[in-house]
Amino acid sequence: MRAFRRNSSEATPGVEWPVKLASSASIDAPLQAGAPWIVAMASVPKARVSADVAAVLNALDGVRNPAQVAQYLGIPWTAADVMGIVRQLAKTGIFDAGKQPSGNGRIQFRPPLTVQFTLFNPAPLLQSIRPLMTTVSGPKAVAAAVLLLLGGVAGVFIAGPSIGRVLSTPLPLEAYLFVAVAMFASTLLHEFGHGLALTCCGGTPRRIGIMLFYLSPAFFCDVTDGWRLGSRKQRVFVALAGPLVHLGLGSFALSVHGFLPVSWLQDAVLLYGVICYAVAILNLFPFIKLDGYVALMSAVDVPHLRNKSLSVTGDFVSSHVLGSLPKYRSYGWLAWFGLASFVSGIGFMVIGYQRLVPVFLQLGIAGHIVVAVVLCLLLTMAGRSIVRFFSTAAANGSPLWRRAFAALLGTLAITLLAVFIPVKAVTVAGYTYSDGALQIVMPPDAAGRTIRPGDEVVLQSQGMIFHEKLGSATIGDQPPSGSLAPLDTIVPIALEGNSLPVLAYPSHLTGESKLAAAERLPGSGRAEVTSQRHVSLGEWLWDSVTHSMLWPGRNADASDHSKTEDSMKGHS
């Protein structure tokens, strides 16, 4: 028996016989004939298996050895068959390794950057609604949905230029509060849509809650039970139910906004409808783990499509660049999908970073801390991915000299880009215009010393989504001074009677249409100041770091600068 156990451990690395399932593991039966069994860990599907493999897993009780399991199952099972199944599934973590189960509580972590907090089990509520949905579904419901969609499209054309206005100009605080509450409710209904679709198809949503998805708050509904459905069409329907909810809500809002009186409420309803449409379209993007990706994964019937495609792409690069042994005989479309997923992930992070960082940097030291934390997190994730890539290549036989050469070449390329790429620093600020006097304003504790006389300025509208160009200007020669400015110079909120202390830089309009620009220029808005000093990319990055309020000594400098400004105002 001892010899047999030693051989079994060698045949099943990382697993000690006798084997049993972890307490957080489950073997879920199919919901329909022909559907696969699902092996799950903490309610997260890990593998799809046949009924025979499920029978083997259910027979692992922590007492029987492979021969006894085979004997229990009967002919034609052998001990080698049992060990082979355990060996293939060992990497899923479903077997008890003597550790306490994790991930079953209300708070769960999903790599790479998602934290979920479970609120409640939606199954009883959705089961009670199911008969009603069965009653109202049919051709009449489809016709009503089509009419609602046509009404939304007609509302878009009726709104016309008003859409651009609500997206590119500041709105009252009441409008944003309305949109925020409506979007909160809409997102919850979006997730209920997924759960209700799964319930109507015979599945059971496990839980609903709130999560941090790449540092952004959102709702979630666990519909992993959908993998037990035998129909691809049903799984696609479950995935697309959420975007359809946003599409329906957006169509309703756009259909009724024209009947509302001209007010902040009409603007809020219009903005809400446009955002609902945008959310529905964005969710269909297939290269990020959104609803469109889940729908595509269900349609092609490839579980963990993104991870597999990224692995295939990494294997292709590793084998051709680092000389490692390829794990896949052919790559096909998965390599291209993996490349698109990789580029899309980076693109989403860069776009989000570019849009959010300027806003946070204007919020003082708290905003600087948020930016620093996010930047460190992104750099850590990038570093771990690079280390994992080279470690996997080494494990697959990549020669050391090729890995060293690739690392050296990559470092050299980054260095050359940092040294030779010229950039101009762009500072996001605000502006005020009154009685022909133009001032570019920034918070007193912002890194305002990067603004110099002669810098070019683009005056823009302070919109929530877009920033329309209103004119051009140049920073004047006069030194900055302390002043007050409206709130919408910093954030896109039109709040009368509220002013903020700012550092004001006297400026003057430029361009051929100075008079026309002055006539239509709002009293306040957004400004982008572009430095006239060309620096290298590396120097610009270093200046950005050393000018941060978190850099040692910067707080003292800012305090001294503020005292100097107060002294200047006192003498004047």
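User: Where is confidence lowest, and where is it highest?
Analyst: This is a predicted model. Confidence is lowest in helix α1, residues 2-11, with a mean pLDDT of 39. Helix α10, residues 264-282, is highest at 95.

User: Which other stretch has pLDDT below 50?
Analyst: Residues 98-103 are one such stretch. That segment has five contacts in the model beyond near neighbours in sequence. Residues 561-572 also fall below 50. They make eight contacts of that kind. Where pLDDT is low, the predicted coordinates should not be read in detail.

User: And what is the average for the protein?
Analyst: The mean pLDDT is 83. 88% of the residues score at least 70.

User: How many helices and strands?
Analyst: There are 18 helices and 18 strands. The protein has 572 residues, and 37% of them count as buried. Take contacts between residues at least 6 apart in sequence: 68% of those join residues at least 24 apart.

User: What is the lining like by class?
Analyst: It has 18 nonpolar residues, six polar ones and no charged ones.

User: Switching to R526. Where does it lie?
Analyst: R526 is in strand β17, residues 524-530.

User: Buried or exposed?
Analyst: Buried. R526 has a relative accessible area of 10%, and the cut-off for buried is under 20%.

User: Which side chains does the R526 side chain make polar contacts with?
Analyst: One is Q460, at 2.5 Å. Another is E528, at 2.9 Å.

User: What else does R526 touch?
Analyst: Leaving out residues up to four places away in sequence, the list includes V428, A429, G430 and Y431. It also includes V458, L459, S461, Q462 and H467. Q460 is on that list too.

User: Now S507. Which strand is it in?
Analyst: S507 sits in β16, residues 499-510. S507 counts as buried because its relative accessibility is 12%, against a cut-off of under 20%.

User: What does the S507 side chain reach?
Analyst: The backbone oxygen of Y505, at 3.1 Å. S507 also touches L438, I440, T474, I475 and G476, with residues up to four places away in sequence not counted.

User: What about T415, where is that?
Analyst: T415 is in helix α15, residues 400-420. At 40% relative accessibility, T415 is partly exposed. Its side chain reaches the backbone oxygen of T411 at 2.8 Å.

User: How far is T415 from L537?
Analyst: Along the chain, T415 and L537 are 122 residues apart. Their C-alpha atoms are separated by 9.8 Å.

User: And S544 with T450, how far apart are they?
Analyst: They are 94 residues apart in sequence and 9.5 Å apart in space, C-alpha to C-alpha. S544 belongs to helix α17, residues 537-546. S544 is partly exposed, with a relative accessible area of 38%.

User: Backbone geometry now. Which peptide bond is cis?
Analyst: The bond from I75 to P76 is cis, with omega near 10°. P76 lies in the loop between α3 (66-73) and α4 (79-89).

User: What is phi at D301?
Analyst: Near 60°, a positive value in a residue other than glycine. D301 is in the loop between α11 (291-300) and α12 (305-322). D301 is partly exposed, at 23% relative accessible area.

User: And at D435, what is phi?
Analyst: Near 55°, again positive in a residue other than glycine. D435 is in the loop between β10 (426-434) and β11 (437-442).

User: Is D435 buried or exposed?
Analyst: Exposed. D435 has a relative accessible area of 82%, and exposed means over 50%.

Conventions
Residues are numbered from 1 along each chain as its sequence is written. This is a predicted model: local features need pLDDT of at least 70, side-chain atom pairs count only at pLDDT 80 or more; totals for chains, interfaces and linings use all residues. Side-chain values use heavy atoms; hydrogens and water are left out. Helices (H or I, at least four residues) and strands (E, at least two) are DSSP runs, numbered from the N terminus. Buried means under 20% relative accessible area, exposed over 50%, partly exposed in between (1.4 Å probe, protein chains only). A polar contact is a pair of N or O atoms within 3.5 Å; within protein, one must be able to donate a hydrogen and the other to accept it, and residues adjacent in sequence count only if both atoms are side-chain atoms. Contact means heavy atoms within 4.5 Å. Ala, Val, Leu, Ile, Met, Phe, Trp, Tyr, Cys and Pro count as nonpolar, Asp, Glu, Lys and Arg as charged, and the others, Gly among them, as polar. pLDDT is the predictor's confidence in each residue, from 0 to 100.
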